[in-house]
Amino acid sequence: MSRSRSNHRRVLCLLIPLVMSAVGALRAEEVGERWGTEEREREFYPIVNIPMPKDTVIEAGAFAVLPDGRIAVGTRHGEIFVIDGVDAPKPIPSYHRFASGLDEIFGLTWKDNAFRVTQSCELTRVSDSNNDGVADRFETISDAWGYANYHEYAFGSKPDADGNQFVALGLSESYYSHALNRGFIMKVAPDGRTTAFASGLRSPGGIGHDEHGALFYIESQGPWNCSCSLKAVSPSSFHGHPASFHWYPQSPELGPVPEMPKSGTRIATEKDRVKQLVPYAVIFPYIRMGRSITGFNVDRTQGQFGPFENQLFLGDYTQSILMRATTEQVNGVWQGACYPFREGLSTGILNVEFTPGGKLLCGGTNRGWPVRGIKPYALERVEWSGKMPFEINRVTIEPDGFKVTFTKPVEPTTGRSPESYAISAFTHPYHAGYGGPEIEKHQPGVTAVVLAADGLSARITVEKLQPGFVYELDLVRLRSRDNEALLHRHAFYTVNEIPTARGTSARAQPSNATAHPVPESPLWLTYPGEKGPGMGKHIVLIAADQEYRSEYSMPMLARLLSKHHGFHTTVLFSVNKDNDVDPTQKIRWEDKTVTHNIPGLEHLEQCDLVILFSRLLSLPPEQLKHLYNYLNSGKPIIGIRTANHGFIDFDYRKDGKKINFGEDVLGGSFRSHHGRWQQDSTRGIIVEENKAHPILKGVQDIWGPSDVYRTFKEGGSLPESCLPLVVGQPLMGRKHDDAVNADLIPLPVAWVKTWTGNTGKTARVFHVTMGSAQDFQSEGLRRLTVNAAYWCLHQDADIDEKSRMDLVGDYNPPDSGFAYKKLGIVPRKPSFYG
Amino acid sequence: MRWRHSWVIIAFMLSCLVIANVVVAGGDPAWPGHHPLTQVQAGDLLLLELRCAACHSGLERGSLPEKTAPDLTAVGARISPDYLCRFLASPSVTHPGTTMPDVLASQPDAERDRIAEALTHFLVAQSKAAFQSETTEQIDRQQGQTLFHAVGCVACHGPKEAPPEVKKRNDIEDEDDDPAVAAKKAIKPVVIPLGHLAAKYSVSSLSEFLFQPLQVRSSGRMPDMKLTPAESLAIAGYLLGEQPQSATALVPQAPLVTLGKQHFQALNCVACHALPGIAATPRIASLKTADLSRGCLSQTSVRSPRFDLDEPQVQAIMAALREAPTADSDHVVVAKTLTAFRCVTCHVRDDYGGVHDTHNPFFAGSELKLGDDGRIPPPLTLVGAKLQPAWMKKVLFDGETVRHYMATRMPQYGTANLQHLPAVFSRLDVLNGPEMKIPHPESRDAKERENEKVMRAAGRELLGDKGLNCIACHNFNGKKAPVNQGIDLLTSYERLQPAWFHSYLRNPGAFRPRTVMPTGWPNGIASFKTILDGETDRQIEAIWYYLSLGTSAADPPGLRAVSTKIMVDNQAKTHRGRSRVAGFRGIAVGLPEKLSYAFNAETGTLSAIWQGEFIGVNWSGQGSGDFHPASEPITLAQDVSFVLLTDENAPWPLLPVMTKEAKTNPNPLYPKNVGYQFRGYDLGDSMIPTFQYRSGNIEIEDRTSAAGTDEQRLLQRVLRFDAPSPQTVWFRALTGDIQKESERVFRSGRLRLTIPPAETKLRALSDEPKRSELLLRLSLPQGQSTLEFLYEPLPK
């Protein structure tokens with residue numbers, strides 16, 4: 001919402017430097033007003049129109065998801081509609097008008113059976129006291145700001161963890177602060193108590209929290225802002241435009257008035273002088289990345305929306321586009337990157353919201369300012385087609401460069417060449433003029449590139465990094481392993497701070513004595529071991545169940561084992577005919593024609609330990625052969641959860657007798673759910689008499705939301721050959737601190753034993769019947785499993801009760817179960833899980 | 001203009017275009033309708049549509065996706081078991097025109113029924129749900145009938161009732177002598193019969209199918225007509241009629257299910273109808289070498305399934321199989337695709353296709369004055385040169401449309417089925433014309449910028465009412481045109497390719513023979529000589545420049561800004577927004593008695609009263625929409641109403657005044673520093689709001705409703721106080737040129753105010769000594785108390 005009467009001024013000051021710069025001219029041709037990616041984008045992220053009732057104007061300004069899954073939209077016309085059916089494959093939603101007569105809604109949230117509505121004049125609680133479906137109570141929560149010019153917009157955040165809401169107040173006529181507190185962010189406590197929180201705003205377009213729960217707002221290009229930007233808001237922070245300084249006397253809680261910023265400086269230097277000044281966290285280079293960025297939201301869809309989980313998605317009004325952004329804190333300062341995502345929406349986007357079905361609902365209007373989309377107003381849904389685009393996933397900063405992660409493995413020839421990573425940098429002046437040029441442009445050279453073995457990330461070393469500069473990565477030359485070009489070749493990282501090199505820097509060259517024994521492949525994941533007692537050893541993890549999300553947990557364990565413990569690891573998956581990891585595949589009980597496929601089982605020959613998480617698989621004979629060989633090899637085995645019924649057609653014979661993999665190798669097989677399936681959870685209790693076992697070293701607080709398996713008959717016991725380490729006590733519910741279910745006795749959930757195959761060689765075996773992907777969010781369970789790996793490899797002495805068990809990479813696995821649709825479980829390439 | 005010399009060529013080319021809404025030639029009779037296919041091509045298409053390659057090897061892959069058989073997973077819930085059994089026993093008798101072959105043709109009659117029964121049991125057992133013939137929903141069959149004929153169903157299925165007689169037009173009496181017309185008349189329309197539906201479906205199962213047909217029939221031959229569930233239900237109800245449906249429930253019997261499954265396997269039904277757990281048998285003999293007189297095509301063969309084909313169809317298939325396989329040219333791919341998906345039943349392309357005369361009367365639209373352009377789908381000739389590639393995909397795959405006036409809907413065939421089409425169109429359709437490249441904003445030079453300014457201004461002038469007045473018949477940026485509401489002009493730049501736009505503007509008639517769209521440049525000569533020196537090409541380019549601005553284009557002259565009228569019906573309406581009569585935190589209330597008032601919530605003051613209609617809201621600019629009373633209001637002061645004056649001679653605290661010179665509020669905490677806080681409102685009886693606010697520690701409820709008679713309406717305002725302790729508070733009841741009519745009745749201008757018994761003080765206004773203010777000294781008791789005021793608007 002930044003357009004104003006001075007377009008011509010902005011255009012003039014922007015044009016001159018661009019025309020003069022050769023890079024600018026080149027870029028204009030290649031990127032320009034349109035990214036030119038619309039036709040390719042639609043294959044991965046189609047846009048679906050959400051029909052509206054005839055003669056109803058819905059200029060969406062804010063969205064809220066209701067507890068029952070319906071979606072509420074607050075409009076510029078001051079109405080609130082509740083929409084049912086937005087997620088339907090062919091959406092024909094029903095619209096119910098809940099409230100009307102409000103004044104332009106740019107903030108909507110549902111709390112305590114009422115809407116909290118940020119309208120131009122105030123923050124209001126809107127409720128339906130007589131339950132007739134139409135609002136009848138409108139209670140003023142806060143109106144602690146002046147409102148005296150039409151351009152004085154108010155944007156409200158969702159409540160934070162403590163229930164506080166933040167209202168961002170645009171300036172008067174977009175330049176001045178004539179009315180009380182214009183240019184401030186106000187903090188409204190749950191009881192309505194309102195205090196000034198931050199100053200220096202110009203024309204905000206949205207306010208909310210990022211993936212880390214930190215507060216940000218979107219600022220528009222204009223005076224003191226050469227581009228739109230995402231700004232990190234902290235108490236008493238000042239955001240660059242001094243017009244609001246004269247309200248400080250009314251708000252002692254803000255502290256002293258900041259020093260008056262000097263026009264024509266740089267933000268990176270001025271922030272040292274003006275101590276409340278917070279540098280822009282993410283700059284969106286003007287026009288190339290939006291012209292009026294508005295509302296934003298975090299992708300918390302657990303993968304339903306594709307590979308960009310936990311990232312921010314932002315709409316742009318003028319260009320009718322969507323962009324992504326990521327944030328990180330370095331030396332206590334927020335910064336991050338932005339990325340193109342989707343163009344070609346039908347109207348100016350004012351806000352976005354993720355639906356319960358994991359789709360991105362976008363809405364807005366073209367009223368008042370220039371907009372590329374041709375519809376006066378529209379609701380549209382962007383959804384993930386399930387196809388993996390080749391994209392820059394995230395750019396993060398390193399002490400001497402950047403780490404870039406990708407959604408698909410990068411082909412090594414282009415991926416290892418520094419020439420594939422073109423970097424240019426610019427900064428903006430910090431000045432009172434409207435908008436401003438990109439100045440001090442230069443192309444810092446890329447001196448080195450280390451492409452990860454899995455091809456999913458690259459560390460690039462850049463000649464020189466400078467705070468206050470935006471680094472534009474143009475990776476047009478990169479190719480994926482299937483020879484695709486990037487869907488969007490650019491990313492823009494704003495550097496405010498540069499991290500110092502860490503002691504055990506992640507960028508240290510891999511020091512593992514031997515090379516990883518398994519070649520890289522799109523069919524599996526490989527992680528070279530870093531430093532640790534596992535150096536030189538190779539563990540193969542098999543993720544092949546349909547229920548407990550082993551495709552999430554095994555890569556996580558592999559990363560942990562490689563990064564913190566030094567093991568080379570390889571994760572093999574059960575894949576479908578498209579070579580996608582496919583937990584939705586049927587088993588032979590359901591479909592007699594099914595044969596499963598785990599590519600790479602031949603690598604069991606070169607590994608030292610297998611961690612198996614399969615369920616009811618029917619593998620072809622040539623693959624089973626590798627498993628049978630392994631059982632003969634005397635090499636150790638860790639089985640997790642359903643591994644004890646890991647195979648249907650398993651025909652390993654010992655002394656001519658068919659062995660039962662669960663009973664004979666692992667020491668027990670699933671008989672029934674002792675705990676209540678998907679209703680209760682399991683607390684792991686260490687078996688007192690065996691607590692000195694090395695596997696239990698440092699293990700505490702095992703808990704997971706899966707239930708206890710019964711592996712022997714009622715009244716029976718764990719076989720003599722097994723040494724129980726942990727028993728599982730069913731709880732009453734699925735929370736960590738739920739009460740013990742006194743009706744259910746604890747049963748063994750983890751034990752050790754040995755196995756001897758046809759060659760007479762004896763192997764150590766560890767079996768744990770817990771282990772859904774969410775169970776592994778328990779550090780206790782991770783430590784138990786990693787300790788078991790050491791023990792299995794006869795490295796008992798290397799078990800360290802203080803060794804690192806923290807997660808490597810993001811780990812927010814979906815719930816267990818077969819409700820694939822609800823959980824967003826779809827076939828995906830192995831690289832997705834890397 | 002560097003392209004001007006090529007203009008002659010363009011003009012020549014256009015004159016050669018044969019574009020007409022009439023159909024001249026029909027293709028091979030093996031396929032119905034106005035298609036252009038030769039016998040071999042029609043045969044190729046039949047091979048695809050009948051899925052011959054499902055069983056036979058030796059067939060090349062077609063150039064478009066083949067027709068698939070319906071998904072049978074839920075067939076038991078969708079189709080009456082009784083019908084299913086009869087259909088399996090004898091497909092073409094039960095459903096004339098079906099593409100399902102009689103797979104039991106080789107069986108003796110008794111055996112056929114037995115197998116059909118077993119298959120039915122097996123299929124019904126596949127479905128989770130059972131067939132329900134009853135529906136409890138209300139069905140609007142009348143709407144169904146209207147929709148069936150209007151949205152486009154009729155183009156492929158024909159009308160359900162006898163077609164209306166086509167009136168012979170007097171002016172074309174002699175047409176019958178024209179061989180082209182005679183040839184055209186010989187072509188039968190595409191009519192896929194629907195007579196079997198009533199026995200086959202229930203209203204609800206047909207309705208579900210119509211809502212999302214591609215879920216069952218994924219190959220899009222029956223497209224998604226963009227129906228809502230309610231519309232689907234109405235059409236289903238209409239098609240099935242009112243006769244009660246008697247479907248006997250079928251409980252699958254295990255032995256029959258097993259037997260049915262064996263037959264399903266043995267008959268290789270799975271070759272076309274995939275079912276989990278059943279594998280197709282290997283394909284049989286190549287059709288290239290087969291004896292075509294003996295197998296499926298023969299009506300007497302007892303060794304194979306039998307297709308119900310007529311002689312031309314058999315001949316076409318045979319001709320296609322004899323022909324050496326060659327790759328289809330782009331032209332043929334388009335022709336086959338438009339034929340297979342029956343695009344030709346609505347659209348003309350080159351010399352084929354178009355709405356059949358017998359179906360023409362059903363095509364309707366809301367903008368009658370647009371003529372055929374307003375009701376007949378647009379021609380597809382040169383469509384690949386007309387539409388921007390991204391827009392073509394939006395139309396084909398996303399259901400996008402700009403012709404809001406056209407009743408016929410552009411169906412959706414499924415992305416997978418027409419994915420090949422946009423690229424073929426764009427290779428095939430080339431219209432050489434000026435590219436009208438708009439210089440890029442980031443890279444244009446000073447000269448280009450100057451030119452741009454001139455061009456945009458000229459374009460704006462041409463579109464406006466002093467120019468070509470395009471906005472008379474075209475909507476502009478969502479604003480409705482006064483005469484016809486043709487396609488919104490602002491969509492042009494997004495949708496159209498520049499060369500096509502240029503050529504079309506020069507001579508719309510070359511593209512649409514009977515279009516109502518005039519040209520502003522008859523014979524290439526500009527009608528407006530003063531704009532851009534009357535240069536035709538530059539004028540058209542200027543319009544393109546102007547439209548390229550999208551919504552940032554300033555409205556053309558003559559376009560009226562619209563104010564949205566908000567009406568009040570039988571309940572009160574409350575509208576919040578800024579207004580000169582109520583401040584920025586204004587609230588307007590309209591009563592059904594045609595009496596309205598405004599409340600300034602920033603100060604807690606009744607600030608305006610008016611009679612008649614409610615308000616207009618300006619939702620056309622950047623703002624949130626300011627409101628203005630629909631008739632001239634009686635305006636009242638907007639300063640705070642309640643003050644705890646310690647000195648009764650102290651001036652009333654006035655709303656701070658901001659001027660253009662001094663815009664910053666000098667007293668930003670007014671009125672909070674006089675103890676006022678707005679707290680909200682409840683909507684009570686008849687949705688009349690009760691405002692709640694606080695003055696000091698007094699809680700005030702303020703409700704104003706209509707009173708009096710129809711002849712003399714007045715407003716009754718009730719103020720309820722809740723004070724924690726007895727106290728005195730001053731209320732400013734009225735300002736202006738006040739005349740005291742009696743102890744309790746005062747008048748100011750057009751307002752007569754009746755106050756409750758109270759101590760009053762009438763004194764000069766502090767800032768306007770000639771006018772006065774009426775203050776009431778209210779002594780409020782502890783707890784609740786009430787005061788009533790009457791506001792009577794007087795005639796002028």
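Across the interface of chain A and chain B, 26 residue pairs are in polar contact, both residues being at pLDDT 80 or more, where a polar contact is a pair of N or O atoms within 3.5 Å, one able to donate a hydrogen and the other to accept it, and residues adjacent in sequence count only if both atoms are side-chain atoms. This is a predicted model, in which local features need pLDDT of at least 70 and side-chain atom pairs count only at pLDDT 80 or more, while totals for chains, interfaces and linings use all residues. Residues are numbered from 1 along each chain as its sequence is written, chains are lettered from A in the order in which they are written, and side-chain values use heavy atoms, leaving out hydrogens and water.

The side of chain A that touches chain B is made up, by class, as follows.

| Class (definition) | Residues on the side of chain A |
|---|---|
| Nonpolar (Ala, Val, Leu, Ile, Met, Phe, Trp, Tyr, Cys, Pro) | 27 residues |
| Polar (the others, Gly among them) | 21 residues |

In terms of contact (heavy atoms within 4.5 Å), 68 residues of chain A meet 57 residues of chain B. The buried area, which is the accessible area (1.4 Å probe) lost on putting the two parts together and summed over both, is about 5,400 Å², and carbon and sulfur atoms give 50% of it. In chain A, the residues that lose the most area to chain B are A:Arg42, A:Lys90 and A:Ile374, together 13% of what that side buries.

Ten salt bridges are counted between the chains, each a side-chain nitrogen of Lys or Arg within 4 Å of a carboxyl oxygen of Asp or Glu; one of them joins B:Lys394 to A:Glu38, with the closest N and O atoms 3.9 Å apart.
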